[in-house]
Amino acid sequence: SDVCSSDLALRPQDAGPDEGAGQDAGADFADSLAMPFVASAAMGGAVVMMVDDEPLITEVTQTYLEEAGYAHFVSCHDPRNALALMRRHRPSLVLLDLMIPEVSGFTVLEQARADAELQYIPIIVLTSASGPETKLRALELGATEFLSKPVDPSELVLRVRNTLAFKLYQDRLANVDPLTGFANRQTFMRQ
């Protein structure tokens, strides 16, 4: 099957330790601003979508992320279905292989960036094609990150965590009134 769903969440301990003692007031203030966003990511259950024609690769990648505390996943082994699955599941981020049959990963990336509903979903390219031309083309088309296979599990987990934290912050800036802390007018107009 092309879809396999479960839960993705950052564990609360991944949000970082409470570091109040021994820091200056500026660092405490910065931490107080940043930590709620990461903690919100832990509670929100972000969804990671993996687009790769090799089921073994998606299983291994999912295992790496599960060991880091992630739990919600959508797998797509047929790239012709990738955009439809992105629209249906609204993933928090996509891990995309470029070297896939039928429709290239470049095409999926380009179409996602051209689609008003999908253009802001972070896409991390995870591929065995790691030449400089490939990397530059993927980044020019709007890839958020570029990782080469075989991927180091620690780097994968950190890149996913950092990308999700940045996306959460970006969404907060776009959807929350900074003065009141409540949903802004644009958010109400979309609903």
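This is a predicted model: local features need pLDDT of at least 70, side-chain atom pairs count only at pLDDT 80 or more; totals for chains, interfaces and linings use all residues.
Figure 1. Because its relative accessibility is 6%, T163 counts as buried, the cut-off being under 20% relative accessible area. A polar atom of the T163 side chain lies 2.7 Å from the backbone oxygen of R159. When neighbours within four places in sequence are left aside, the residues in contact with T163 are L93, P122, I124, T144 and E145.

Figure 2. Not counting residues up to four places away in sequence, N175 touches F182, A183, N184, T187 and R190. A further pair in this region is N175 and R185, which stand 10 residues apart along the chain and have their C-alpha atoms separated by 8.1 Å.

**Figure 3. Close-up of the packing of helices α3 and α4.** Two packed helices are described by the angle between their axes and by the distance between those axes. Helix α3 comprises residues 82-89 and helix α4 residues 105-114; the two pack at an angle of about 40 degrees, and their axes are 10 Å apart. The helices α3 and α4 are therefore oblique to each other, since angles under 35 degrees would count as roughly parallel and those from 65 to 115 as roughly perpendicular. The crossing of α3 and α4 is right-handed. On the α3 side the contact involves A82, L83 and M86, which meet V108, Q111 and A112 of α4. The residues of this contact divide into five nonpolar and one polar, with no charged residue.

**Figure 4. The chain as a whole, as context for the close-up views.** Seven helices and five strands make up the secondary-structure elements of the chain. Read from the N terminus, these elements follow the order α-β-α-β-α-β-α-β-α-β-α-α. The chain has 191 residues, of which 38% count as buried; T163 is one of the residues in this class. Among contacts in the chain with a separation of 6 or more, 69% are accounted for by residues 24 or more positions apart.

Note on methods: Residues are numbered from 1 along each chain as its sequence is written. Side-chain values use heavy atoms; hydrogens and water are left out. Axes are lines fitted to C-alpha atoms, for helices over the stretch in contact, and angles run from 0 to 180 degrees between N-to-C directions. Helices (H or I, at least four residues) and strands (E, at least two) are DSSP runs, numbered from the N terminus. Angles under 35 degrees count as roughly parallel, over 145 as roughly antiparallel, 65 to 115 as roughly perpendicular and the rest as oblique. A crossing is left-handed if the near helix is turned anticlockwise from the far one by less than a right angle, and right-handed if clockwise. Contact means heavy atoms within 4.5 Å. Ala, Val, Leu, Ile, Met, Phe, Trp, Tyr, Cys and Pro count as nonpolar, Asp, Glu, Lys and Arg as charged, and the others, Gly among them, as polar. Buried means under 20% relative accessible area, exposed over 50%, partly exposed in between (1.4 Å probe, protein chains only). A polar contact is a pair of N or O atoms within 3.5 Å; within protein, one must be able to donate a hydrogen and the other to accept it, and residues adjacent in sequence count only if both atoms are side-chain atoms.
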